[in-house]
Amino acid sequence: MKLIGSKVIETERLVLRPSSMKEQKRLWEILMIPDVNKWYLTSAKKHANNPSHWTWDNQEKFYKSKVDNANNGDVFCWSIFLKKEYTNSKKEEVIGQVSAQEEGEDITIRDVGWFIDPIYQGKGYATEAAKSMIDYMFNEVGINKISSSAVKDNIGSCKIFEKLGFIKIGEEEKESPYTFYDGTLTLSKYELDKEDYSSIGYQEYYIESNGKSNCVVRTLCKILDKEYEEVYNELTRLANEENASYNDVCVFEKYMQKNNIHKISFNEDIRVKDLGLDNAAYIVLCYDKKDYYHMIPIINNIIYDKNNDCINLYVVDIYKKH
Ligand SMILES: CC(C)(COP(=O)(O)OP(=O)(O)OC[C@H]1O[C@@H](n2cnc3c(N)ncnc32)[C@H](O)[C@@H]1OP(=O)(O)O)[C@@H](O)C(=O)NCCC(=O)NCCS
């Protein structure tokens with residue numbers, strides 16, 4: 001595990017940054033909303049009924065010490081900023097927080113937490129932030145496991161665990177650990193092991209003798225483990241039959257059919273990096289939402305391409321090798 005701290009993470013709609021003082025007051029305001037803190041805040045339970053403890057004047061010093069430590073390598077806590085094009089004010093806004101804190105003595109096992117400003121809930125922002133944080137924690141920090149829980153009735157939070165592939169390992173009845181919530185609660189417990197986490201990896205791949213061009217031929221070579229000339233000649237023959245170029249969709253689709261590679265359906269408007277594929281061989285046709293189209297092989301969740309720029313392209317079609 002590498003103690004590299006909370007580096008900036010950018011997603012399609014969000015930027016996750018280590019805590020700084022400029023957004024802490026707004027985060028405190030969000031956290032003071034009962035629907036946000038009810039099943040989230042676990043600090044200073046003894047002060048629950050002491051309103052003066054929770055004023056900004058009194059809280060500011062805690063937030064200052066949090067910010068003082070924000071860039072330490074062993075701190076994994078991000079303020080979530082919504083890019084200006086998605087905010088109501090049309091300026092970048094802080095909308096919540098995600099974190100991956102220690103869970104016990106083994107620092108490679110982390111607990112995770114998140115909250116989002118109610119104004120911006122229900123738009124997929126928590127899922128987007130959590131996924132990018134979890135990718136970072138597994139792929140870059142190198143943790144081994146996430147072990148976490150949510151109140152069973154906290155449907156939004158439980159759904160995030162489930163959408164990100166966590167396994168529900170059980171339920172636990174316990175006295176509320178939450179500052180502003182008393183009584184007995186049922187917690188749903190979730191785990192995700194490094195081995196079970198499927199995010200898309202990348203390995204450099206191109207055919208030296210033919211430079212870095214011809215993504216269609218290159219992709220088919222990789223998926224079918226064939227020589228460049230063989231694939232190219234067959235595509236050219238089919239192209240002549242169809243009176244088309246070997247790059248045309250009708251030509252490579254015919255070639256794929258002959259080789260038992262078939263189109264599958266998928267959720268539209270998804271980027272390559274967000275694909276949740278199982279361990280099999282796939283061909284992905286993707287584009288930049290303008291006029292650049294590209295084809296890549298993804299085998300066992302590894303992209304084989306000349307560089308990894310393609311992870312930000314949008315998926316047009318997916319074909320699976322049977
Ligand atoms: C939990 C929380 C972070 C979710 O934030 P969010 O940005 O609304 O989450 P998303 O939009 O990514 O939604 C995730 C899923 O939960 C669903 N969801 C979110 N809030 C929900 C609610 N109140 N009731 C039912 N479903 C809900 C969404 O529809 C989505 O499911 P879908 O993809 O099937 O449509 C937010 O409600 C929150 O801040 N709660 C208070 C703090 C908290 O409890 N944190 C978690 C402690 S474990």
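## Briefing: strands, cores and a ligand shell

I299 stands opposite I302 in β13. That pair belongs to a predicted model, where local features need pLDDT of at least 70, side-chain atom pairs count only at pLDDT 80 or more, and totals for chains, interfaces and linings use all residues. Numbering starts from 1 along each chain, following the sequence as written. Overall, the protein chain has eight helices and 14 strands, these being DSSP runs numbered from the N terminus (helices are H or I with at least four residues, strands are E with at least two).

**Overall layout**
- The chain splits into domain 1 (9-196) and domain 2 (201-321), with bounds taken from an automatic or database domain assignment.
- Between the C-alpha centres of domain 1 and domain 2 there are 38 Å.
- For contacts with a separation of 6 or more, 64% are between residues 24 or more positions apart, a contact being two C-beta atoms, placed from the backbone, within 7 Å.

**Around the ligand**
- The ligand is surrounded by 21 residues, and Q121, A126, T127, G156 and K159 are the closest (a residue is near if its C-beta atom, placed from the backbone, lies within 6 Å).
- At least two shell residues come from each of β5 (109-116), α4 (125-141) and α5 (155-163), and α5 gives the most, with five.
- Sorted by class, the shell holds eleven nonpolar, eight polar and two charged residues; nonpolar covers Ala, Val, Leu, Ile, Met, Phe, Trp, Tyr, Cys and Pro, charged covers Asp, Glu, Lys and Arg, and the others, Gly among them, are polar.

**Nonpolar cores**
- The largest nonpolar core has 38 residues, and I80, V98, Y125, A129, A130, M133 and M137 touch the most other members; a core here is a set of buried Ala, Val, Leu, Ile, Met, Phe, Trp, Tyr and Cys residues joined through C-beta atoms within 7 Å.
- α4 provides the largest share of this core, nine residues.
- Setting aside neighbours within four places in sequence, A129 contacts L14, L16, I80, V98 and W114.
- Another core lies apart from it, with 27 residues including L235, V251, L285 and I303.

**Hairpins in a row**
- β11 (281-287) pairs with β12 (residues 293-299) in the antiparallel sense over seven bridges, where pairing takes at least two DSSP bridges.
- Y282 sits opposite I298 in β12.
- The hairpin of β11 and β12 has five residues between the strands, and K289 in the turn has a positive phi of about 70°.
- β12 also runs antiparallel to β13 (residues 302-305), joined by two bridges.
- With two residues between strands β12 and β13, that hairpin has N300 at a positive phi near 50°.

**Positive phi in loops**
- Most residues other than glycine have a negative phi.
- N243, not a glycine, has a positive phi of about 60°; N243 is in the loop between α7 (228-242) and α8 (249-258).
- N243 is exposed, because 8 other C-beta atoms lie within 10 Å.
- D269 also isn't a glycine, and its phi is positive, near 60°; D269 is in the loop between β10 (261-264) and β11.
- D269 has 8 C-beta neighbours inside 10 Å, so D269 counts as exposed.

Definitions and conventions:
A residue is buried if 20 or more other C-beta atoms lie within 10 Å of its own, exposed if 12 or fewer, and partly exposed in between; C-beta atoms are placed from the backbone.
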